[in-house]
Amino acid sequence: MSKSSIPATHSFASLTCGIDRAAKNDVPTTIVVFGASGDLAKKKTFPALFHLFSQDLLPKRTRIIGYARTHMSVEDFHKRATSHFSPQADKGTVEKFLGVCEYVSGKYDVDEDFANLRKEIDRLEKSASIDSSCERIHVYYMALPPSVFVDVATQIKKNVYDESCTNRVVIEKPFGHDLESSRQLSKDIGALFEETEVFRIDHYLGKEMVKNIMTLRFANVFYEAVWNRHYISNVQITFKEPFGTEGRGGYFDQFGIIRDVMQNHLLQVLSIVAMNQPQSLNAEDIRDSKTEVLKRILPIQLEDTMLGQYVGTKDGSKPGYKDDDTVPKDSNTPTFAECVMHVDNDRWRGVPWVIKAGKALNEARMLIRIQFKDMPNSLFPDLARNELVIQVSPKESVYIKTIVKEPGLSTNLSMSELDLTYKTRYHDIKIPDAYATLILDVLNGDHSNFVRSDELDEAWRIFTPLLHQIESENIEPHPYEYGSRGPEGVYQFVEERTGYKRTNLEYHWEAPQ
């Protein structure tokens, strides 16, 4: 059996293993970034790699190769790769980082170009006195559009894949367009690589507060004791962006907000919030628990869905979605969606789950809101419900909305919070970008925060009937003004379908200074 067919790791998830494991093991590592001239690579992949390099979290014998169709010199490549580094980045460290970066130009479907890439990998290893018989890791990061996933994966396996070392393939979303296309993609990739070699990246799984959910739930007795239908009334997971498609409407129009954000990012978050405790912190046990809860989610119904599409502001300062020249004027693609879902198991039966996502809204925010039930036989009836709020971004925080007596001689009650705001509590710690966290997981061989093929299958099973109905019936979305909270009636929609209750005590959360 080749090294590449051996499971990458049987170690515990990143919750328990040292983040510097890859650096300490110092296995010679080659990282190939496909699509190195593209936006994703320059905005996310290379800044993430530099962050790990600057923190001494990459193996010392790491080489990074950018590969793309664009013809450019190594100097031009270096300029592009560093274009989104922080202005405060140490110049000496940047130079050292660029010293391990090379560039190879080639097409995505030409054997000879990929054979040249393999020669460059071999040359770099030989120049570093790395023998082909020693342990090595090759990472192939596909920062590419989905149209070339299979072509590039085929070329990697045919002309670059090295049987004598560990091979890991990183694939960016979207993973298909619906259930059928996702299964075909999984089949095509599965014919080339073992599941243990594939890392399907969903960057929300690398966000600090998402990675903290498991610890919050399973390391604290008082949370897990009430984490069920007996105490929780409803759960809402919300994603809001304050900007529109910004000239990328033609690309977005192929997918819409449901495929772009909800079927992947928000559903992955939901699976972690809703899953039962895994048998261990082993990556496969965690993914088993996530998949099991996804299997219990019923397909979403159109009547439990609200769709919206933003229009320009009344003063003309902000354009509407269809004002983008790249968007068809008759497009009904939703830029906002809100869905009510149901998990049919003993823990959650009867508890509605709401996932909401939208572009061109009033703020940038991603949060999880868990509203508890009313106090039975309360001495203080009809006041307000407790809520646990996990704010993923911005201003990472966890707070519990709690009713207290106002201080002093007053007997009035008010809503306050028990607050853990990360910036205040951990003011000396810089939270890394999600991509840096996930690339480190790839280097450590930890699959915990990556999407397995059966998870993906269940996610598309939940959304595909809804997507097909929206498209076949050409459902027209509700208009909403750029910068608003969404379509008219958005809050009534949730309250009618979930029993969500607004507080009748004055309350506004502010992150501590």
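**A loop residue, a helix and the cavities**

Asn412 is found in the loop that lies between strand E13 (397–405) and strand E14 (413–421), where helices (H or I, at least four residues) and strands (E, at least two) are DSSP runs numbered from the N terminus. The model is predicted, so local features need pLDDT of at least 70 and side-chain atom pairs count only at pLDDT 80 or more, while totals for chains, interfaces and linings use all residues. Residues are numbered from 1 along each chain as its sequence is written, and side-chain values use heavy atoms, with hydrogens and water left out.

**Surroundings of Asn412**

- Asn412 counts as partly exposed, because its relative accessibility is 44% (buried means under 20% relative accessible area, exposed over 50%, and partly exposed in between, with a 1.4 Å probe and protein chains only).
- Leaving aside residues up to four places away in sequence, Asn412 touches Val404, Lys405 and Glu406, contact being heavy atoms within 4.5 Å.

**Helix H17**

- In helix H17 (residues 490–498), the buried residues are Val490, Phe493, Val494 and Thr498.
- Viewed down the axis of H17, these buried residues fall within an arc of 95°, so they line one face of the helix; the arc is that of the directions from the helix axis to the C-beta atoms.
- The cover over the buried residues of H17 includes strand E7 (232–240), strand E8 (305–311), strand E9 (336–342) and strand E10 (352–358).
- Gly499, whose phi is positive, near 75°, follows H17.

**Cavities**

- The count comes to 5 cavities of 30 Å³ or more, a cavity being a set of points, on a 1 Å grid over the protein atoms alone, where a 1.4 Å probe fits but cannot get out, with lining residues having an atom within 4 Å of a point.
- The largest cavity has a volume of about 60 Å³, a volume being the space filled by probe spheres set on the points, which are joined across faces, edges and corners.
- Helix H12 (256–274) and helix H16 (453–472) each supply at least two residues of the lining of the largest cavity, and H12 gives the most, with 4 residues.
- Among the residues that line the largest cavity are Phe175, Asp202, Gln263 and Glu455.
- The second largest cavity holds about 50 Å³ of space, and its lining includes Pro28, Arg61, Arg63 and Glu125.
- Strand E1 (29–34) and helix H5 (111–127) are the elements that give two or more residues to the lining of the second largest cavity, with H5 giving the most, 3 residues.

Definitions and conventions. 1 Å grid on protein atoms, 1.4 Å probe; cavity = no way out; pocket = protein on both sides within 12 Å on 5 of 7 lines; lining within 4 Å.
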